[in-house]
Amino acid sequence: MTDQIFHDHPHDRPARLGWYASRLAIYGMLLIWAAICLFPIFWTITTSFKMAPDVMKGSLIPWVDFTPKWLGWKSLGLSPDTIGSESTVRQEFMVRFMNSTVISLTSSAAAVALGSLAAYGLSRFSYKFLWMRNPDISFFFLSQLILPPVVLALPFLVLYKELALLDTRIGLILLYTLSVLPIVIWIMRDQFAGIPHELEEAALVDGLSIWGAFLTIVLPIALPGMVAAFILSLVLTWNEYFFAALLTSTHANTLPVMVASQTGSQGISWWSMAALSFAAIIPLIIIGVLLERYIIKGMAAGAVK
Amino acid sequence: MAETGDLLHVVTNDDISPGRRAFGKAIVWASLALLAGTALVQTLDQSGTISLGLPNWRPTLYAYILFSVCLCWSQVLVRGEQGKRVLFVLPAALFVISLVVFPLIFGLIIAFSNWNLSSPDGRQFNGLDNVRQMWADPFYWNALGNMIRYLLAIIVEYAIAFGLALLLNAQIRGRKFFRVAFLLPLMLSPVAVSWMVGKSMLELRFGPIARLARFLGWDNPTFFSSPEMARFTIMVLDAWTYIPFMMIMILAGLQAIPKDVQEAARVDGASPWRGFWEVTFPLMLPVSITAILIRIIFKLKLADIIINLTSGGPGGATDSVTSFIYREYRDRSNVGYGTLLAMVYLVLIIIFMTVLMKVADRWMRPKY
């Protein structure tokens, strides 16, 4: 009996082996999938530093297979030696970049503002509009999610033409706000439902108005949820291509449209395309790495009740 | 959630003076009259009865915005405390109604007309011609068929996402690194993905995936020449972008399962395999169904990758409905026919999603 305390029982040894094998399998699969996820990004970064022969050889590892050059970034006017001088490409890139930034930030902010208010109202008060009660109103908002963009695209094209909103930032902002609003409401409804309403009751007894209680008591508690909704909206609006391609032409183009318009030309210059793509995705990669937990929180909301 | 009655009971003695109430009603009707008046004047201007030379419909838009603001304001003026509550939902509701319902009604009108934006004739009502054209359009039916194929790919995506979520939920080191790495594809724009992966990495001569395929013994790795292969490539690219989305929802579900349930199964002598199928998987069913439903909704909008990578080719084999309508508009700039196709697609989606949600609802309920 006593030797069992000091030695593994023979029966346990294969189990330990099995444990190591399962560890190995788990880490193996994790690493393989991580490589699948990260390799395209790595490939894009390295390609933007390649010369034509390096691209054709399909070199992989910088400094070993090829010497990195600023070729791709030079064509964008963003390399160290061109950053000081005038560059029309860089100017165009900056205009598109600013368009994307302004449009995605504004529409996400608008969607979070409108969506939070609506979600709060729906989680606290009962409404009646014609035959519609709260569940119907909620469903009305959420059902916008299944509306495919293509249904709205052509009517909007005509409407915007009449309203002189084609190729303007405000036109895209309106549409993007609309397209992320259901997601925001979905996330925020979950957030507000988790906040006990006794908090506001106390505030109301103490003499705050409903809006006062909402702004000073509820909003700070719901802030993490709002950040999650905001970031998720930011990702979706930054990457949106379909509406931008249809409704903008020269002034309000966003980055995805610029990236897409380069690929059509014959004889692609791989290095500048890589640099452009990478410049288009880098803001979101940074957001993804830094604010990953908010994104996960946002997407997990509603999945788990 | 507040299905019946208010969760917050506020007793306020609203003493709204008749003057205030009258003012509240007045601004609504005044702004409505202004809106109607502007719209009427603009319609007359368009039809040439009077000529003001207004270049666009902006004045009507401004009148509409003014009307919306007055409507919101008057809620507070007329109904006091109750109005302040309405103010939470009203802006969002007005926003959605004006941006969805009106364009949809407008879209229904264009759907039954022949309207080439580049021709000077303008819109001509052509009855059911578009419907007949659609009925005889093999490419539209082909695109619908493709959508079904694309939707079926979700099953595989779901299996992979579930596997990855299980891996991330296991006791591992560096979980944060793996979570961020697995999340990144979702952050990339489909346009950049179609360039990075589709054009560059699948390039026949030097693309690393093509080279890998050659190394594995596929002599001529062309990813877009045969219809099946092109469709498969599109599916893989789309899956690559959206698997993280399902994975995170499933991971959240897995983390919400209390640990003692699985421990109880283990104590009772269940193998990990049986433990998964008889404990974890059934518990995950509601989350799984939510994740799959949302994924289906996103899949039905699939277009960016196709437009940028294959533009529907070869021979329409990879077309999704959205990309087909986009090309239809780009090639012929006929908004009428394109809108009809989109409307039919919307109706099909609504029917499909309603049935699906009913089935999912019934399927989920008896388990609990």
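At what angle do helix α8 and helix α10 of chain A pack, and how far apart are their axes? In this predicted model, local features need pLDDT of at least 70 and side-chain atom pairs count only at pLDDT 80 or more, while totals for chains, interfaces and linings use all residues. Residues are numbered from 1 along each chain as its sequence is written, with chains lettered from A and ligands numbered from 1 in the order in which they are written.

Helix α8 (residues 169–193) and helix α10 (residues 210–239) of chain A pack at about 155°, their axes lying 9 Å apart. Helices here are DSSP runs (H or I, at least four residues), numbered from the N terminus; axes are lines fitted to C-alpha atoms over the stretch in contact, and angles run from 0 to 180 degrees between N-to-C directions. The two helices, α8(A) and α10(A), are therefore roughly antiparallel (an angle over 145 degrees). The contact, defined by C-beta atoms placed from the backbone and lying within 7 Å, brings residues of α8(A) including A:Y176, A:I183 and A:F192 to meet residues of α10(A), among them A:G225, A:L232 and A:T237. By class, this contact of α8(A) with α10(A) holds 13 nonpolar, 4 polar and no charged residues (Ala, Val, Leu, Ile, Met, Phe, Trp, Tyr, Cys and Pro count as nonpolar, Asp, Glu, Lys and Arg as charged, and the others, Gly among them, as polar).

Turning to chain B, an automatic or database domain assignment divides chain B into domain 1 (18–111) and domain 2 (136–367). The C-alpha centres of these two domains of chain B lie 41 Å apart, and their contact takes 4 residues from domain 1 and 5 residues from domain 2.

Conventions:
Parallel < 35°, antiparallel > 145°, perpendicular 65-115°, else oblique. Contact = placed C-beta atoms within 7 Å.
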